[in-house]
Amino acid sequence: MTLLHIEDMTKNFATGGGFLSKTGPIVQAVRGVSLQIAAGETLGLVGESGCGKSTLGRCVIRLIQPTSGSIRFDGQDVTTASPYELRQLRRKMQIIFQDPYSSLNPRQTIGASIMEGMDIHGIHAPGTRRDSVVELLEKVGLKADHFRNYPHEFSGGQRQRIVIARALAVGPQFIVADEAVSALDVSIQAQILNLLLDLQVMMNLTYLFISHNLHVVRHISDRVAVMYLGRIVETASADDIYLSPRHPYTKALLSSALVPDPQKPPQKVSVTGDVPSPVNPPSGCAFRTRCSLADEICARVDPHLIFQGSHGVACHHAEK
Amino acid sequence: MSKMTGVTYSSFGKQLQLFKQPKIFVGTLIIAVLLVGGLFAPLIAPFDPNKQNLDLAMLAPQWLSGPHVLGTDPLGRDVLSRLIYGARVSLIIGIAVALLSGFIGVTLGSVSGYFSGRTDLIIQKIVEVMWAFPPLLFAIAVIAFLGQSLVVLIAALVLQRWIPYCRVARAQALSLRARDFVEAARALGATDGRILVHHIVPNLIPTSLVIGTFAMAAAIISEASLSFLGLGVPRSIPTWGSMLSDARAHISTSWWLPVFPGLFILVTVLGINLLGDGLRDHLDPKLSRAGNH
């Protein structure tokens with residue numbers, strides 16, 4: 001069953017635009033993305049910084065209003081939800097941010113932070129909320145007596161556990177994890193990832209897991225979507241992406257990641273140059289400026305995602 | 001983890017630690033002495049501050065050898081008693097102005113910074129217009145229009161003193177608005193009002209406290225200046241400023257008349273500024289980190 005259905009979503013940001021000039025150049029952060037996430041599944045969204053993956057994540061839970069396209073969650077349109085409907089949707093969709101130091105209000109106790117969602121939505125009787133918070137604290141691997149502590153008394157990994165508990169407090173079905181472990185030490189990353197996996201089984205959660213770290217994504221995802229300059233260029237099951245990537249950008253991404261197996265021959269695909277500006281993306285295929293396979297058709301025709309089974313690639317030369 | 005085990009003292013104990021800093025200790029001590037003096041003026045002052053006795057006019061300070069410790073003025077009123085009663089006016093005005101302008105400034109500043117856009121534009125235009133007035137001239141104009149009273153004086157000072165709070169609160173609200181915890185609160189379904197009250201304003205309190213001490217000192221100086229010009233509170237209430245003003249005519253013959261009120265203003269403002277300075281140092285993350293660990 002499809003829980004989240006994104007259809008041709010676009011997000012433009014107007015830059016500049018001051019007192020006299022109304023609009024500056026437009027940044028096309030997300031350019032016509034369609035994605036589906038099934039209930040209970042984890043979709044990994046990878047791409048380099050600035051490719052629009054965080055913007056996509058924020059649009060999905062409507063922290064940002066998308067410019068066009070539709071997002072349906074459990075059959076309900078998120079983009080056009082009324083303030084009342086949106087409030088109800090907030091209970092079902094939550095987000096975990098990258099920076100655990102910025103994610104918690106320094107003047108709020110841990111207990112108050114976690115309880116806030118329950119207060120907002122009137123979940124549990126006021127007298128029993130405290131018990132529910134303690135239960136959540138224990139569920140994410142913290143202690144009941146952390147209730148009264150302030151964020152500065154915790155390490156990054158502990159804070160991320162608190163942030164997870166806060167998101168879970170409203171009983172969501174779907175969580176956007178926006179670079180949720182990127183700011184943590186590698187040893188702590190594994191703990192938090194395993195916590196997320198345990199919680200997924202325990203509470204039947206669906207994740208949109210956004211990351212630039214391919215190993216992390218492989219560890220946690222059922223399916224992976226690769227994003228480049230506001231577009232999805234390849235999407236497939238995690239194993240397919242890692243074992244038989246078909247888009248030249250995906251191949252380059254995978255070969256840039258260090259492989260822990262020294263026996264494996266190093267892959268040769270590499271890219272040169274910088275990501276083009278999202279203010280003025282190249283004509284045709286956005287990746288053609290850095291692609292070794294690019295020819296004149298790539299400059300003229302913007303490739304669409306073409307599916308073979310569940311493996312979709314947006315490339316004119318995917319077979320090469 | 002080491003941080004967690006390090007925090008063993010209670011939050012009350014943490015507050016007490018504050019007073020180990022000399023600036024904060026001295027500042028608080030001065031303000032506390034003045035508060036007690038002003039509060040219990042009728043018990044402490046040796047004479048009625050307004051009781052005239054022309055037989056005893058212009059007595060030089062008798063120090064501990066007579067009843068008029070700091071002398072008397074041209075109408076025979078006891079200088080020390082008038083100074084003690086004068087502390088009341090200074091403190092009432094200082095505290096009232098700091099609190100009221102803080103309330104107005106932080107409210108408008110946080111709203112301005114949080115919502116930005118049109119709301120911000122309007123509030124910032126008001127700030128710029130108010131900021132353009134010379135402060136003392138503005139207060140004189142307000143008092144000239146509305147008449148002389150304690151309430152009008154406080155209102156006239158509040159009308160200018162909210163501006164520094166507003167500017168700082170706005171700048172901080174602008175940066176807080178972009179922090180992930182505010183975004184997380186929005187994702188949880190919190191309304192703008194709730195975010196302002198629970199997430200923005202509590203984070204503005206420490207800096208506002210520092211601005212508050214400076215606003216209080218500035219208000220006390222302004223009151224003294226206005227009283228000196230004869231535009232402060234009504235003449236029946238003794239204030240340090242009006243004592244200075246009265247002393248002007250006798251400055252060459254009776255040194256004690258201008259010196260003691262001047263000294264009181266100086267020490268009070270110094271004390272408040274010391275406290276403000278100490279609090280600012282304490283709240284500066286770089287300094288406090290170096291001090292705590």
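Across the interface of chain A and chain B, the rule finds 2 salt bridges, a salt bridge being a side-chain nitrogen of Lys or Arg within 4 Å of a carboxyl oxygen of Asp or Glu. Before going on, note that this is a predicted model, where local features need pLDDT of at least 70, side-chain atom pairs count only at pLDDT 80 or more, and totals for chains, interfaces and linings use all residues. Residues are numbered from 1 along each chain as its sequence is written, chains are lettered from A and ligands numbered from 1 in the order in which they are written, and side-chain values use heavy atoms, with hydrogens and water left out.

Let's stay at the interface for a moment. The size of an interface is often given as the accessible area lost when the parts come together. Here chain A and chain B bury about 2300 Å² between them, with 54% of it on carbon and sulfur atoms; buried area is the accessible area (1.4 Å probe) that two parts lose on being put together, summed over both. Chain A brings 30 residues to the contact and chain B brings 22, where contact means heavy atoms within 4.5 Å. The rule also finds 12 residue pairs in polar contact across this interface, both residues at pLDDT 80 or more. A polar contact is a pair of N or O atoms within 3.5 Å; within protein, one must be able to donate a hydrogen and the other to accept it, and residues adjacent in sequence count only if both atoms are side-chain atoms.

Which parts of chain A do the touching? Helix H2 (83-92), strand E6 (93-96), H3 and helix H5 (156-168) of chain A each supply at least two residues of the side that touches chain B. Helices (H or I, at least four residues) and strands (E, at least two) are DSSP runs, numbered from the N terminus. H3(A) gives the largest share of that side, 5 residues. By type, the residues on the side of chain A that touches chain B divide into 11 nonpolar, 10 polar and 9 charged; Ala, Val, Leu, Ile, Met, Phe, Trp, Tyr, Cys and Pro count as nonpolar, Asp, Glu, Lys and Arg as charged, and the others, Gly among them, as polar.

Now to the charged pairs themselves. B:Arg194 forms a salt bridge with A:Glu116, with the closest N and O atoms 2.9 Å apart. B:Arg194 sits in helix H10 (residues 192-200) of chain B and A:Glu116 in helix H3 (residues 110-121) of chain A, so this pair joins two chains. Both B:Arg194 and A:Glu116 are buried, buried meaning under 20% relative accessible area, exposed over 50%, and partly exposed in between (1.4 Å probe, protein chains only).

Over all chains, a search of the whole structure finds 17 salt bridges. One of them brings together the side chains of A:Arg58 and A:Asp178 (3.6 Å, N to O). That pair links distant parts of the chain, with A:Arg58 in helix H1 (residues 53-60) of chain A and A:Asp178 in strand E7 (residues 174-178) of chain A, 120 residues apart. A:Arg58 is buried at a relative accessible area of 17%, and A:Asp178 is buried at 4%. A:Arg58 and A:Asp178 also belong to a network of salt bridges that links them with B:Glu183 and B:Arg186.

Within chain B, the side chains of B:Asp277 and B:Lys23 meet in a salt bridge (3.6 Å, N to O). B:Asp277 lies in helix H13 (residues 256-283) of chain B and B:Lys23 in helix H3 (residues 22-39) of chain B, so the pair ties together parts that are 254 residues apart in sequence. B:Asp277 is partly exposed at 22% relative accessible area, and B:Lys23 is partly exposed at 33%.

On to the nonpolar side of things. In soluble globular proteins, nonpolar side chains tend to be buried together. The largest nonpolar core here has 109 residues, and those with the most contacts inside it are A:Ile114, A:Ile164, A:Phe209 and B:Ile200. A nonpolar core is a set of buried Ala, Val, Leu, Ile, Met, Phe, Trp, Tyr and Cys residues joined through side-chain atoms within 4.5 Å. Helix H5 (residues 79-115) of chain B gives the most to this core, with 10 residues. A second, separate core of 36 residues includes A:Leu86, A:Phe97, A:Leu208 and A:Ile210.
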